[in-house]
Amino acid sequence: MAAETNNRAISMLQRIENTRKRYFPGVCVAVTIGIAASFLSLQYGAPAMLMALLLGLAFNFLSQESVCLPGLEFSAKTVLRIGVAMLGLRISFSDVLTLGWSPLLMVCSSVLLTIGFGVIMARMLGFSSAFGTLTGGAVAICGASAAMAIGSVLDQNEQTKRNTLFTVISVTTLSTLAMILYPMISTSLDLTPQEAGLFIGATIHDVAQVVGAGYSMSNEVGDLATFVKLLRVAMLVPIVMTIGILIQRAARQRGESGGGEGVAIPGFLLGFVALFILNSLGWIPTAVSQPLAGSSSWLLLTAIAALGVRTQLKDILSVGWKPVLLVVLETLFIAGLIIAYILLGQ
């Protein structure tokens, strides 16, 4: 009995060591790039996500090394999904209810309308509905995080990977511009702090840029903008689940083996919902929830760095002007919706 126990322990240790050897080099590369990106972001005020992408692209040659590839794939997929699940710790029911029902419905409607607009415009510009859903969802929900989450449930091929990386780059760039311009627009329109918080939180793509733009105006604007933004983040779950259901249904109609009888709900979305509920009920101590919520940013940064390493720069540069136009139009669309709602409500 003792010998059998020892053999099992030795076998388990060997599996752990083999796993470490397989994934450690690639994960170490992604983590190191993420740390460097965070340092550059703090030093120069540039978006950390964009820095991670650019640095990752510069180290693309490492993706050709078989020793790094498994860890890079693990970072771009598994680490990403864990990071998205951790976003559930950033919002609670009380945050949602603080906003009130009318703005709440407007924010939810603007998210759905922007995704629909993205699909329609994508078809008009000659792209697939999936590309319109990817870009529209990234603009409407939470920028790079939403792009990565939506991309993970689309048909997995090289085109999807290129589209996802393009979307991450474009929404991060536009989000940075919006962080600078939208406070000036709010001031020029004489918006109240509540209106400015709603406008900034409901229109800027990434959470970090919403925080930067909101608190650059005042603490009141920053608090409300953050609440509104986190409400958009909460919509990530039902929207990604719906996209997954529609993709599986389309696969079944085409007779592909990927479309089974049931609909598989991604585990990271279930994790998001579970953490959101537990956080709302106050069952997770603040001393635990805050560090975990902060870790989501690091996990997403690592995942985007890995995606950058695995992507050829020439694939991104060859997209042309139409995809850029699509993301710009989606950005202007959601901003116009919210401004119209605010001005008509005055």
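Buried means under 20% relative accessible area, exposed means over 50%, and partly exposed is anything in between (1.4 Å probe, protein chains only). This is a predicted model, where local features need pLDDT of at least 70, side-chain atom pairs count only at pLDDT 80 or more, and totals for chains, interfaces and linings use all residues. Residues are numbered from 1 along each chain as its sequence is written, and side-chain values use heavy atoms, with hydrogens and water left out.

**View 1. W283 in its loop.** Look for W283 in the loop between α13 and α14 (286–309); helices here are DSSP runs (H or I, at least four residues), numbered from the N terminus. Buried or exposed? W283 counts as exposed because its relative accessibility is 62%.

**View 2. A nonpolar patch on the surface.** W283 teams up with F93, V273, I277, L278 and L281 in this patch, and together they have about 550 Å² of accessible area (Shrake-Rupley method, 1.4 Å probe, only the protein chains shown counting as cover). Helix α13 (residues 267–281) supplies the largest share, four residues.

**View 3. M49 and its neighbours.** M49 sits in helix α2 (residues 48–58) and counts as buried, because its relative accessibility is 17%. Leaving aside residues up to four places away in sequence, M49 touches T172, L300, L301 and I304 (contact means heavy atoms within 4.5 Å). M49 and A37 are 12 residues apart in sequence, yet 7.5 Å apart in space, C-alpha to C-alpha.

Key: Helix = DSSP H or I, 4+ residues; strand = E, 2+ residues; numbered from the N terminus. Patch = residues over 30% accessible without salt bridge, like charges linked within 9 Å, V, L, I, M, F, W, Y side chains within 5 Å. Salt bridge = Lys/Arg side-chain N within 4 Å of Asp/Glu carboxyl O.
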